[in-house]
Amino acid sequence: MLLTLPDAARSRNANTDELNYHPVKLVISLRHRFRECGPRVVVAPEPVWSGTRYDFTRDEAYQLGTAALEAVMVIDGQPIPCADSDQTHLPYWWHPDRDHPHWCRKPHEDGDYSSDRDCLSLHGFEKTIYPSLAEAARSEQSDGAVRINTVTELEISLRQRYREYAPRVVIAPEYLTEGGPYELTRDEAEQLGRALREAVLVVDNQPARQDR
Ligand SMILES: [Zn+2]
């Protein structure tokens with residue numbers, strides 16, 4: 001199963017903290033290795049150096065696919081709970097022609113610079129999954145030592161920064177040293193969500209094998 005995201009994912013180099021803007025593909029596939037009790041759903045960038053590969057169990061893949069599709073629904077206008085009473089406060093410098101995304105829960109203040117404009121969904125839309133099969137990510141410390149980290153949490157949220165005309169769906173490890181984030185357009189997030197759901201269907205329809 002191949003998913004091509006031609007304009008996709010900016011990926012962040014965990015070692016240098018630089019963003020790579022190379023067009024990459026995200027390939028979603030299934031893998032079942034010796035002694036593993038179930039298949040993995042693998043989400044891997046191509047070429048491999050352009051980002052972080054994530055392995056998921058069937059349930060984790062389902063959770064990520066659902067979260068990606070829910071992010072799309074929020075972008076398309078599905079309301080989210082408004083926990084902040086002053087959520088609608090916009091600074092005086094906010095250009096009246098520029099819509100404020102309804103999902104943003106970041107407090108904006110009059111004292112902010114306009115270039116600080118950075119809309120985040122925060123607790124309004126934030127999904128977390130815990131990838132139990134995550135490959136360890138390496139990061140090099142300033143003293144040259146190499147640290148091995150295992151991804152503990154992946155967070156799915158929305159972000160729209162200064163001068164960006166559309167939101168990104170950000171799928172990022174809790175700490176950037178754990179690997180690179182995927183930042184997807186709305187359409188790319190929808191493709192990813194559908195592909196993961198499809199992978200889960202394939203897993204569920206696999207005939208049980210008693211000989212392992
Ligand atoms: Zn905002």
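User: What stands opposite R31 in strand 4?

Analyst: R40 does. Keep in mind that this is a predicted model, where local features need pLDDT of at least 70 and side-chain atom pairs count only at pLDDT 80 or more, while totals for chains, interfaces and linings use all residues. Residues are numbered from 1 along each chain as its sequence is written.

User: How do you know that strand 3 and strand 4 pair?

Analyst: Strands here are DSSP runs of E with at least two residues, helices are runs of H or I with at least four, and both are numbered from the N terminus. Two strands pair if DSSP finds at least two bridges between them. Strand 3 (residues 25–31) is joined to strand 4 by 7 bridges, and the two run antiparallel, so they qualify as a pair.

User: Which strands are the edges of the open sheet?

Analyst: The order in this sheet of 3 strands is 3-4-5, with antiparallel pairing. Strand 3 and strand 5 are the edge strands, as each pairs on one side only. On average, neighbouring strands are turned by 20° against each other, direction ignored.

User: Why is strand 4 called largely enclosed?

Analyst: A residue is buried if 20 or more other C-beta atoms lie within 10 Å of its own, exposed if 12 or fewer, and partly exposed in between, with C-beta atoms placed from the backbone. In strand 4 (residues 40–46), 5 of the 7 residues are buried, so the rest of the structure largely encloses it. For the protein chain, 34% of the 212 residues count as buried.

User: Why is D55 called partly exposed?

Analyst: D55 has 18 other C-beta atoms within 10 Å, so it is labelled partly exposed. Its C-alpha is 9.3 Å from that of L30, 25 residues away along the chain.

User: What makes P79 exposed?

Analyst: P79 has 9 other C-beta atoms within 10 Å, so it counts as exposed. P79 belongs to the loop between helix 1 (58–75) and strand 6 (118–120).

User: Why are helix 1 and helix 2 called roughly antiparallel?

Analyst: Their axes come within 8 Å and cross at roughly 150°. Those axes are lines fitted to C-alpha atoms, for helices over the stretch in contact, and angles run from 0 to 180 degrees between N-to-C directions. Angles under 35 degrees count as roughly parallel, over 145 as roughly antiparallel, 65 to 115 as roughly perpendicular and the rest as oblique. Helix 1 and helix 2 are therefore roughly antiparallel.

User: Which residues of helix 1 meet helix 2?

Analyst: Among them are L64, A68 and V72, while the helix 2 side includes L192, L196 and V200.

Definitions and conventions:
Two residues are in contact if their C-beta atoms, placed from the backbone, lie within 7 Å.
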